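Subject: Handover of a structure and notes on its contents

Dear colleague,

Please find below the structure that I am handing over to you, together with its sequence. I would be grateful if you could read the notes that come after it with the coordinates open.

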Amino acid sequence: MECLYCFLGFLLLAAILPLDAAKRFQDVLSNERPSSYMREHNQLNGWSSDENDWNEKLYPVWKRGDSRCQKEDADGNIVYEKNCRNDSGPSPDPYVYNWTAWTEDNDWRDGTSQGHHNVFPDGKPFPHPWKRNFVYVFHTLGQYFQKLGRCSVSVSINTANVTLGPQVMEVTVYRRHGRTYVPIAKVKDVYVVTDQIPIFVTMSQKNNRNSSDEIFLKDLPIIFNVLIHDPSHFLNESAIYYKWNFGDNTGLFVSNNPIMNHTYVLNGTFSFNLTVQATVPGLCSSPSPRPPKTTPSLFLAGGKPLELREIPVENCKINRYGYFMATITIVAGILQVNILQVTDVLTPGPQPDDSLVDFVLTCQGSIPTEICTIISDPTCQVTQDTVCNTVDEDLGDTCLLTVRRAFSSPGTYCMNLTLGDDASLALTSTLVSIPGRDPAFLLRMTNGILVFVGFLTIFVTVIAILVSKKYRKYKAIESNTGIVVKDKGLNVFLSRAKTMFFPGNQEKDPLLKN
């Protein structure tokens, strides 16, 4: 009898050992074990229990704790990095998995058993046709979901039966190689199940230098845009109201528009609060049936009374709320910049190679500390030159400054001018046309100058002759041969005028030396 017990114990042990040796999904995917309550009350539609068996031969398990790096070689094999070392020294086998033991057999090459390998880790066959080489296994709440994909996939969960609070999602990715699958990635993240409406508010403002720091400018409107996260479209048929409180004693604003503009007129720090209310329609189930309402009887022609009854149809309204809070800081900044005048700079003497242009700017708000100019093509798309300078001059309380920029060649340019300080950037732009300077134009300009000088010389000469005729007096010719000129002052004037306009004097007559 004792031997019989030993034999039965041996059979029982033999029956238990294969079951213990078999890998299950929960052994491969995660060490976390959800409670029986979690498994019972968090059933996901279309997902399977992680207590199912895992096909480790077809889907090898990622080696936990292996510090050796893994990479893909030119043939698509998953191998270890060169000179990779483990605790006992260099790795003798360059392959992560023993590919030689999994050589292609005849039945795989001729396709007779190909269908045995087109299955998921739990043995379920792939959908037909399949042309994706990646197998994704999602695992959460003690359940898993398998899906084929390429470089990315997405999965949606119906959270109707999921417990509120944070949950963990783990994803394992396999890539097909030959007749087996190789684990190439594994990641986990936390998602939160809530009964509130997940909302996010973006805040933007013109001339604001950095909206992410929640510092905005006084006297300029801020645009608040509410984004609702509703991937299951649960709120599609609901009425949504937005209650805005900007924290500056302007009151409470209620609207059905997710976008709101608000302008702060004082500097300081303000608490912004937003409440989103969604009323979701739905049918109600009454706990006890109510008798139908009747109307006064009506009599037909035969004298038979007819009662009209109202069938009660009750609608339930489920209210869901979302909340958002932020602390906003309001400071002074540059509100606006304008170009008052654009003028060409004319320099005396030879003209420089670059054309100089002055831009007279005025601004409103705070005084800028820097100015940047960007010269682009006429479409304002291709940048050709960027220059930034600090504003060194003391502008006082009036923002009026002149910016000079050089243009190397003729053409039409887009000119962007930006004034900035620590909190703001104000931009304005204009088109500038730079005329060309061809050689014919310069020759015509030179000829025009010479003609003008020539006319001026002739004019001065004629005036000098007329004056000499008016003031010169002649004396009758006497017996002597000399000519006496009494007015020496006039002679001096004519001599100086002659010297000025005709510097090269070739006169040899000594009578005209005076």
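This is a predicted model: local features need pLDDT of at least 70, side-chain atom pairs count only at pLDDT 80 or more; totals for chains, interfaces and linings use all residues.

**Disulfides**

With sulfur atoms within 2.5 Å taken as the criterion, the model holds three disulfides. The link between cysteine 363 and cysteine 399 has an S to S distance of 1.7 Å. Its torsion about the S-S bond is about 110°, and the disulfide is therefore right-handed. This pair connects distant parts of the chain, 36 residues apart: cysteine 363 belongs to strand 23 (residues 355-365), while cysteine 399 sits in the loop between strand 25 (383-390) and strand 26 (400-407). Cysteine 363 is buried, at a relative accessible area of 10%, and cysteine 399 is buried as well, at 5%.

Cysteine 372 and cysteine 388 make another disulfide, with 2.0 Å between their sulfur atoms. The torsion about the S-S bond of cysteine 372 and cysteine 388 is about 115°, so this disulfide is right-handed. Because cysteine 372 is in strand 24 (residues 370-376) and cysteine 388 in strand 25, the pair ties together parts that are 16 residues apart in sequence. Cysteine 388, at 46%, counts as partly exposed.

A further disulfide joins cysteine 380 and cysteine 414, whose sulfur atoms are 1.9 Å apart. The link of cysteine 380 and cysteine 414 is right-handed, with 95° about the S-S bond. Here too distant parts of the chain are linked, 34 residues apart: cysteine 380 is found in the loop between strand 24 and strand 25, and cysteine 414 in strand 27 (residues 411-420). Cysteine 380 is partly exposed, with a relative accessible area of 35%, whereas cysteine 414 is buried at 1%.

Cysteine 151 may also be of interest to you: at 73% relative accessibility, cysteine 151 counts as exposed.

Serine 376 has threonine 383, in strand 25, as its bridge partner.

Another open sheet has three strands in the order 22-23-26, again with antiparallel pairing. Strand 22 (334-344) and strand 26 are the edge strands here, each pairing on one side only. The average twist in this sheet is 30° from one strand to the next. Strand 22 and strand 23 are joined in the antiparallel sense by nine bridges. Glutamine 341 stands opposite valine 360 of strand 23.

**A nonpolar surface patch**

Which residues make the nonpolar surface patch of about 1000 Å²? The patch is formed by Ile449, Phe452, Val453, Leu456, Ile458, Phe459, Val460, Val462, Ile463, Leu466 and Val467. Leucine 456 lies in helix 5 (residues 439-471). At 46% relative accessibility, leucine 456 counts as partly exposed.

**Two positive phi values**

Most residues other than glycine have a negative phi. Asparagine 207, although not a glycine, has a positive phi of about 70°. Asparagine 207 is placed in the loop between strand 10 (199-205) and strand 11 (215-217), and is buried, with a relative accessible area of 11%.

Aspartate 219 likewise has a positive phi, near 70°, and is a residue other than glycine. Aspartate 219 is located in the loop between strand 11 and strand 12 (221-228). With a relative accessible area of 38%, aspartate 219 is partly exposed.

Yours sincerely

Note on methods
Residues are numbered from 1 along each chain as its sequence is written. Side-chain values use heavy atoms; hydrogens and water are left out. Helices (H or I, at least four residues) and strands (E, at least two) are DSSP runs, numbered from the N terminus. Buried means under 20% relative accessible area, exposed over 50%, partly exposed in between (1.4 Å probe, protein chains only). Patches are made of residues with over 30% relative accessible area and no salt bridge: like charges are joined within 9 Å, nonpolar side chains (Val, Leu, Ile, Met, Phe, Trp, Tyr) within 5 Å. Accessible areas come from the Shrake-Rupley method with a 1.4 Å probe; for residues, only the protein chains shown count as cover. A salt bridge is a side-chain nitrogen of Lys or Arg within 4 Å of a carboxyl oxygen of Asp or Glu. Two strands pair if DSSP finds at least two bridges between them. Axes are lines fitted to C-alpha atoms, for helices over the stretch in contact, and angles run from 0 to 180 degrees between N-to-C directions.
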